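The entries follow the order in which I looked things up.

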Amino acid sequence: MSAFLAPAFSPQAGELATYLDKVQPSELFEGADRFGAPVGEPPVAPVMRGEDVVGYAYLNSDITSSVGYSGKPIKIVVGIDRQGVLRGLKLVAHKEPIVLIGIPEAKVVASLNAFIGRDMGKVAAGAERPPQADIVSGATVTVLVMGDSVVRSAVQLIRSGRLAGDGTPAAAAATAEIRKLDTSKTGTADWQTLVGDGSVRSLRLTVGEVSDAFRQAGQPAAADHPETHKPEDRFIDLYLAPVSVPLIGRSLLGDSGYERLASRLKPGQSAVIVAGDGAYSFKGSGYVRGGIFDRIELLQNGQSLRFRDRDHTRLPTLAAAGAPRLREIALFVIPEQFAFDVTSPFELQLLVQRSAGGRDKAVMPYNLGYTLPDSYVTIEKAPPAQDAPPAPTPQAAPAGEAPPLSPIASEQPLWVKMWQMNTVPIAITVVALLVLTAIFFFQDWLVKRPVLFAWVRRGYLLFTLVWLGWYANAQLSVVNVFTFFNALITGFSWEFFLSAPLIFILWGAVAVSLLFWGRGPFCGWLCPFGALQELTNTVAKWLKVPQITLPWGLHERLWPVKYVIFLGLFGLSLYSVALAEVYAEVEPFKTAIILKFIRDWPFVIFAVALLIAGLFIERFYCRYLCPLGAALAIPGRIRMFEWLKRWPECGSPCQRCAKECPVQSIHPEGQINVNECIYCMHCQELYHDDHRCPHMIQVRLKREKFMALSTPSSRGEASAKTRVTHNGEPIAPAGGAGANPN
């Protein structure tokens, strides 16, 4: 009972009374007419039908975590009877943007209808698996969080004994045996041994087996949309192992990897490895946006856990000898708040999602069971039933001794492996940045050769788009700015940012370039979507697509729009980074670059519309809408150097640079607005061109006139006064000065 009185998740305990006035008793129990006064902590309100108590109402967030995609709790008032059967649900408060801006709330709530009438007492006893909510396409994370919070809160409430009315819960029968993890068992084992003795468990499915399962479940549309065309192809090989068990952890992570993990774990905390290969990803992409791995779920004793991105570490390989190379290897640390016992049986549930036509999805669960082999545990007989003594207070390790599960301090942080795994991409990126630096430092030499410079620029943009963007997915985003700022005010950690090497390197390069050149190096050379815009516009020009030049007055009033967008998103991020990320979809980067247009049609239409606009107005998005460009322009004002040269005549009277600037970043008065400049260097080509720049044309004409006047032939003297012999010696003409009279 004490576990319920002090739940792990109760940051806002005691809010039930605040939300009861939003619920009618009959919405939770048929025929109920009033609520009794909430009692206890967390509060539970009796639901009355006349003078009879038919059940209880409680708020899910009072008992367990219900934090959704928005970063705020999703609050649901739940009705449960004395037998533990769920009788009604009412969504009373949420901040979920996906529900607020698109998907009907009723559709999301209806996804939980499968819970109504379910006996959660059986789930609490471990006799049944937790019920699953019907997935709503586009709101998967929200639905999963809602379902999990309802199930977990109901299970905790039942186990607390508070549903028994005036009775007290019967004392639990003494367990026949007590299983404890044997931490003294050390050493390592190869892959075949680990698989053979059950230390590593696996689930193996073919594409055909999954299709048959969907067909038998009455989902023919999903069965007809297989991941590959061959039924015998591997759908997934899924592996599960608890790496907090010393021998298993040392075998799969290596000694140094295990020691790093052990140093992170609190006493009694566990961690598991989930690895997979095949056509289906157990990670999916939901965790990228919502921070929750929505395709896998850990189940034990009627409770369930969905891992979050903060619990996850990506691993490149498994250290065990003979281990296969797997496409996805994830290390998950099980949160302390989840009461997990590695010595008790548990399951990993894999949710297989398939398209069922249009935007509809069908879901099929598969369970991979795990029981820790007896060789890793010690078994003791249970003592006679009695009141449990208080848990001993953890004692500090004696001087000179290491704490449990942490033999030595880690010498190599986990992020180092990420850099080692990406050695080649890192090297390519660094070389590309050095090349770009050389282009800037030797820009005068390059721009004097316009044809060469044009091909250098197009080649670099093509590299940025194809390799940096579509292949390496190193597209910076305004969300990175929000994350960095949020880290500064909540607890900065370099390891978080170092875990993405290419993004870290690019941001470092951008930070340096802001001091020298402003936002131009990134926006004009290193942004994959900017490169896509410019390259498609170049093709459009070759195809004679008419180009539109906005009047200066209109253009000058449109470019502040991106600053307004950035400031709005930044303010929103102070409230919720997750919510700001949703509205940061004004950036088409994720659609066009990261997901390569493989996305729901509204996002694709938006990105394509921006590219189409860019065919007529070069870099339309960069000029007027890009919040990342605005974010970089603000600190870019502190640049220390002026690399773009100007003549005194620029702007008065000459307007050529201003008229030919691809993004109209040059004022009619002649000065360059570095906040808007993408450093394409077109103005520098004109600066040195003595056939297009009026200043340089005058310089050329003066030079040619001087050369003409300083050449003897220009005065007509060479033919009149001198003759040149075959060996080049001059001979004075007859009768002239120095002539020989003989």
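Entry 1, second largest pocket. I looked up which element contributes most to the lining of the second largest pocket, and found that α17 gives the largest share, 6 residues. The model I am reading is a predicted one. The space in this pocket comes to about 640 Å³. I noted 26 lining residues, of which E534, K541, E618, P662 and H682 are the closest to the pocket centre. Two or more lining residues come from each of α17 (450-471), α22 (528-542), α30 (656-660) and α31 (682-688). Sorted by class, I recorded 10 nonpolar, 6 polar and 10 charged residues in this lining.

The largest cavity holds about 90 Å³. Its lining has 16 residues, with C661, S665, I666, C680 and C683 the closest to the centre. For this cavity, the elements giving two or more lining residues are α30 and α31. I classed the lining of the largest cavity as 13 nonpolar, 2 polar and 1 charged.

The second largest cavity holds about 70 Å³. I listed its lining as F516, W517, G520, R639, F641, E642, W643, L644, V674, C677 and Y679. By class, this lining has 8 nonpolar, 1 polar and 2 charged residues.

I asked at what angle helix α24 and helix α29 pack. For α24 (residues 561-575) and α29 (residues 627-636) I read an angle of about 90°, with the axes 8 Å apart. Because angles of 65 to 115 degrees count as roughly perpendicular, α24 is roughly perpendicular to α29. On the α24 side I found K562, Y563, I565, F566 and L569, which meet P627, A630, A631, A633 and I634 of α29. This contact has 9 nonpolar residues, no polar ones and 1 charged.

I checked how covered α29 is and found 8 of its 10 residues buried. The buried residues in α29 are P627, L628, G629, A630, A631, L632, A633 and G636.

I located P653 in the loop between α29 and α30.

Methods. Residues numbered from 1 in each chain as written. Predicted model: local features only at pLDDT ≥ 70, side-chain atom pairs only at ≥ 80, totals over all residues. Heavy atoms only, no water. Axes fitted to C-alpha atoms, helices over the stretch in contact; angles between N-to-C directions. Helix = DSSP H or I, 4+ residues; strand = E, 2+ residues; numbered from the N terminus. Parallel < 35°, antiparallel > 145°, perpendicular 65-115°, else oblique. Contact = heavy atoms within 4.5 Å. Nonpolar A, V, L, I, M, F, W, Y, C, P; charged D, E, K, R; others polar. 1 Å grid on protein atoms, 1.4 Å probe; cavity = no way out; pocket = protein on both sides within 12 Å on 5 of 7 lines; lining within 4 Å. Points joined across faces, edges and corners; volume = space filled by probe spheres on them. Buried < 20%, exposed > 50% of the residue type's maximum accessible area, 1.4 Å probe, protein only.
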